[in-house]
Amino acid sequence: MLRRAQLAAVGASGIGMGWALAQLDRSSRDAILPSGSNTCCDAAPLTAEQHELVPRLQLLLGKDKVSENAAQRGARIGHGIALALVQPTSLREAALALQECALAGVAVVPQGANTGLTGGSVPHEGCDRPTVVISLRKVAGSSAVDGGERVLCLAGTGIADLGKSLRTVGRESHSVLGSIFLNPTVAAGIAFGSGGTQL
């Protein structure tokens, strides 16, 4: 009889904890980052360089790689409007976009797979200047060097993709736990611990 009472108590506490975690999860999904009443693009009048930035980026990278006034939403938290969303497909294009953004005096948000839980991959309202998101997802690829002892990865390489390619040389990705099924980028894994704890 005592054993049944103990099992019932454990079961009830498990149900209670499950309910509490579900409520916490629901509230975190609905949360937004602190913000003012301004969006990135109306916080202050754009400078001449900022007005010219989107057409300049479209000329340099191609119109298909640059979207203007792009609404961005984080996987779990954060949202905002970017003056531009830039999607380079090479390191050269990424560097060129970054250089143009620096010359125009805009804030830059590097973005991986946008799977993070912190909202760091999207523009934040209330920023003191326009924001450009540079998505590095298409700047991907990896090469094993030193007989597979090391790997050279581009920023947008997915952790799960990296793990698959490393199996051929008997290695694992830098991240083996957590959310690798979402295929977060290697750069986000190094910068923010995205994808797991085995860095």
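My entries on this chain follow.

**Ground rules.** I'm working from a predicted model, where local features need pLDDT of at least 70, side-chain atom pairs count only at pLDDT 80 or more, and totals for chains, interfaces and linings use all residues. I number residues from 1 along each chain as its sequence is written, and my side-chain values use heavy atoms, with hydrogens and water left out.

**Overall fold.** I looked up the secondary structure and got five helices and six strands for the protein chain. Helices (H or I, at least four residues) and strands (E, at least two) are DSSP runs, numbered from the N terminus. Reading along the sequence, I get α-α-β-β-α-β-β-β-β-α-α.

I also checked burial: 34% of the 199 residues count as buried, meaning under 20% relative accessible area with a 1.4 Å probe, protein chains only. The accessible surface is about 11700 Å² (Shrake-Rupley, 1.4 Å probe), and carbon and sulfur atoms account for 59% of that. As for contacts (heavy atoms within 4.5 Å), I took those between residues at least 6 apart in sequence, and 57% of them join residues at least 24 apart.

I then picked Val86 and left aside its neighbours within four places in sequence. Val86 still contacts Leu57, Leu61, Lys65, Val66, Ala97, Val132, Val133, Ile134 and Ser135.

**Strand β2.** Six of the eight residues of β2 are buried, so I noted the strand as mostly covered. Which strands does β2 pair with? Pairing needs at least two DSSP bridges between two strands. β1 (residues 66-73) runs antiparallel to β2 over seven bridges, with Ala70 opposite Ala82. β1 and β2 make a hairpin with five residues between them, and Gly78 in the turn has a positive phi of about 95 degrees. β4 runs parallel to β2 and is joined to it by three bridges; there, Ala84 has Val132 as its bridge partner.

Key. Buried means under 20% relative accessible area, exposed over 50%, partly exposed in between (1.4 Å probe, protein chains only).
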